[in-house]
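Please look through the following notes with the structure open beside you. They are numbered so that each point can be checked in turn.

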Amino acid sequence: MRVVIQRVNFSQVKVNGEIVGKIGKGLNLLVGIATTDTEAEIDWMVRKCLDMRLFPDPDSNNNRWEKSVKDIDGELLIVSQFTLYGDCRKGRRPSFDNSASPDVAKQLYQLFVEQLKLSGLKVETGIFGAMMQVEIENDGPVTLLLEREAIQ
């Protein structure tokens, strides 16, 4: 499983020109599911996304990242993105052989979203499998790639 985490001041996703998900300060999560992913990868990824300290403490004089998205009562926008598993090493067209099939990916993506909702934070999403336009105001900019491979 791969998640691109972006600390944002604002983010929204549109489908056919209509806003389907919108957040303020928090995290924009672009989510790719691999053919080998299971619920174990989802559980790990949810904990990491919620607990990673990516925000400065507003009560501190330093700019160190001391707070998690939970600590600041931030918001989450989750967008499925199978292209995170695009392999561009050969030829001129990416291969998506390592991306989970749409049925499997959708099930695991929905589980990821539901587990994040249990945090009590505001959670918004795009529409799985749709052509989407994502607008992101990255704060920092802070962008991290979080990856968890299934244990074989």
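1. Asp37 counts as buried because its relative accessibility is 7%, where buried means under 20% relative accessible area, exposed over 50% and partly exposed in between, for a 1.4 Å probe and protein chains only. Asp37 sits in the loop between S3 and H1, and its C-alpha lies 21 Å from that of Met52, although 15 residues separate the two in sequence. Helices (H or I, at least four residues) and strands (E, at least two) are DSSP runs, numbered from the N terminus.

2. A word on the source: this is a predicted model, in which local features need pLDDT of at least 70 and side-chain atom pairs count only at pLDDT 80 or more, while totals for chains, interfaces and linings use all residues. Residues are numbered from 1 along each chain as its sequence is written, and side-chain values use heavy atoms, with hydrogens and water left out.

3. Helix H2, residues 102-117, has 16 residues and spans 22 Å from its first C-alpha to its last, close to the 22 Å expected at 1.5 Å a residue, the expected span being 1.5 Å times one less than the number of residues. Its buried residues are Ala105, Leu108, Tyr109, Phe112, Val113, Gln115 and Leu116. Seen down the axis of H2, these fall within an arc of 165 degrees, so they line one face of the helix; the arc is taken from the directions from the helix axis to the C-beta atoms. The face turned away from this buried side carries the exposed residues Asp103 and Gln107.

4. What covers the buried residues of H2 includes helix H1 (39-51) and the strands S1 (2-15), S3 (26-32), S6 (75-80) and S7 (122-125). In H1, Glu39, Ile42, Asp43, Met45, Val46, Cys49 and Leu50 meet Leu108, Leu111, Phe112, Gln115 and Leu116 of H2, contact meaning heavy atoms within 4.5 Å.

5. Two backbone values deserve a check, since most residues other than glycine have a negative phi. Asn16, in the loop between S1 and strand S2 (18-23), has a positive phi of about 55 degrees although it is not a glycine, and Asn16 is exposed, with a relative accessible area of 77%. Asp73, in the loop between strand S5 (65-67) and S6, also has a positive phi, near 55 degrees, and counts as exposed at 58% relative accessibility.

6. Which peptide bond is cis? The bond from Gly140 to Pro141 is, with omega near 0 degrees, and Pro141 belongs to strand S8, residues 133-147.
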